[in-house]
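Hello,

Here is the structure I promised to pass on to you. Have a look through it first, and then read my notes below.

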Amino acid sequence: MKRVLPFVIIAVVLTAAVAVAWNLKNSSVSPPPAPTPAPTGAALKTPTPVPEPGAQPPHARGDATAPVTLEEFGDFQCPPCGMLHPILEQLETEFGPRRLRVIFRHFPLVPAHAHALNAARASEAAGLQGKFWEMHDLIFENQNAWKDAFDSRPIFESYATKLGLNLEMYRRDLGSEAVERRIFLDGKRARALGVQGTPTVFMNGREVPFESLPVEKLRVLINNELAVTGK
Amino acid sequence: MEVVTGQEETDKPNSGRRAAILYGLAAFVSLIGLADAIYLTVEHLSGRSVRCTIVKGCSEVLSSPYATLNGIPLAGVGAVAYFTVFSAATLAAFGYKGAGKFAAFVAGFMFLFTIWLVYLQAFVIKAFCQFCLLSALVTTVMTVLIVLARRDKVGAVS
């Protein structure tokens, strides 16, 4: 019996480990956001209305009439947001502006990310000169170049120069009420929607589980949504 | 001819028993590491810990390129390693020959790897994940226990 006992213990622990992993996995997966087609095939599940609309107008790429809208709450310094950036760009190219609209909203995680707020301000200041998305793309694409910098502001200013912005106006706008207000309003919307971290993405008002953000899974979800809307 | 005193004779079975207890403790400690590694693996695969939150730490560490080995979560590799040490230490506690040596080999490798991972968190990623730090602590304690058990075992045999 003594010779067999250790193997029994090992087998019990292995079984328990697999069971715990299985339970954890199941408890961690939030319900998939796959739309439930209405009998008429027309209606999507109505998103929960929230009283906070966020900054208006939102920074959006794609037509306002596009059947699928992805609303991202992001932090420029967050590595997974940096990883999501090329995924969304790829999907925007694949589906085109008539079918997919992408909205970016600020949710800078201060104090965890020391440069996130400055990055958000830089993008909004560029936005006041009509170059929000250009700055947004530059900031994300060069995340590794500035995330560990002592002072990221000169780096963002170099992007402003690269984009041909009026630097005097850009510097003034960085600390302006208009810029601060947009970031604040996006944050209010995030909290109203229960956003806990970044990136958090909503598809037509419903939260997309984080594990569905890889490009192949997100593509399936968008196709499902398009199928439901019949476009 | 070697003279064995009465005191030394009584120490041999004591050493063997102490080694068995130390191996048992190492097996128990490795279970904590196993639970931690399973949790981290599931969190990693589900993406919950990878998402950035207001508290800096796990998201930076788990979304870094060092969190995976050819697409396999490092925490998953850790879970397999902990289970291996648990099995070997359990067998060693029951007196299976060679099991202690194998446990020491795997634990030693894990300890060296842990030093590398703590270095990465401190100086490369510049963020600490509390679950990774718990794993480092568990690996250290586990390795010390196994080394002590090996010393007792050798003491008992010589």
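To start with the contacts: among those in chain A with a separation of 6 or more, 80% are between residues 24 or more positions apart. Please keep in mind that this is a predicted model.

As for the overall make-up, chain A has 231 residues, of which 37% are buried. Its secondary structure consists of 9 helices and 5 strands. If you walk along the sequence, the elements come in the pattern α-β-β-α-β-α-α-α-α-α-α-β-β-α.

Now to the sheet. In chain A, 5 strands form an open sheet with mixed pairing, and their order across it is β1-β3-β2-β4-β5. At the edges sit β1 (59-61) and β5 (206-208) of chain A, each of which pairs on one side only. From one strand to the next, the twist averages 25 degrees.

Strand β2 (residues 68-74) and strand β4 (residues 200-203) of chain A run antiparallel and are joined by 4 bridges.

Helix α2 (residues 79-95) of chain A lies across β1, β2 and β3 (100-106) of chain A, and α2 runs at about 155 degrees to β3(A).

Enjoy exploring it!

Best wishes

Technical notes. Residues numbered from 1 in each chain as written. Chains lettered and ligands numbered in written order. Predicted model: local features only at pLDDT ≥ 70, side-chain atom pairs only at ≥ 80, totals over all residues. Pairing = 2+ DSSP bridges. Helix = DSSP H or I, 4+ residues; strand = E, 2+ residues; numbered from the N terminus. Axes fitted to C-alpha atoms, helices over the stretch in contact; angles between N-to-C directions. Contact = placed C-beta atoms within 7 Å. Buried ≥ 20, exposed ≤ 12 C-beta atoms within 10 Å, placed from the backbone.
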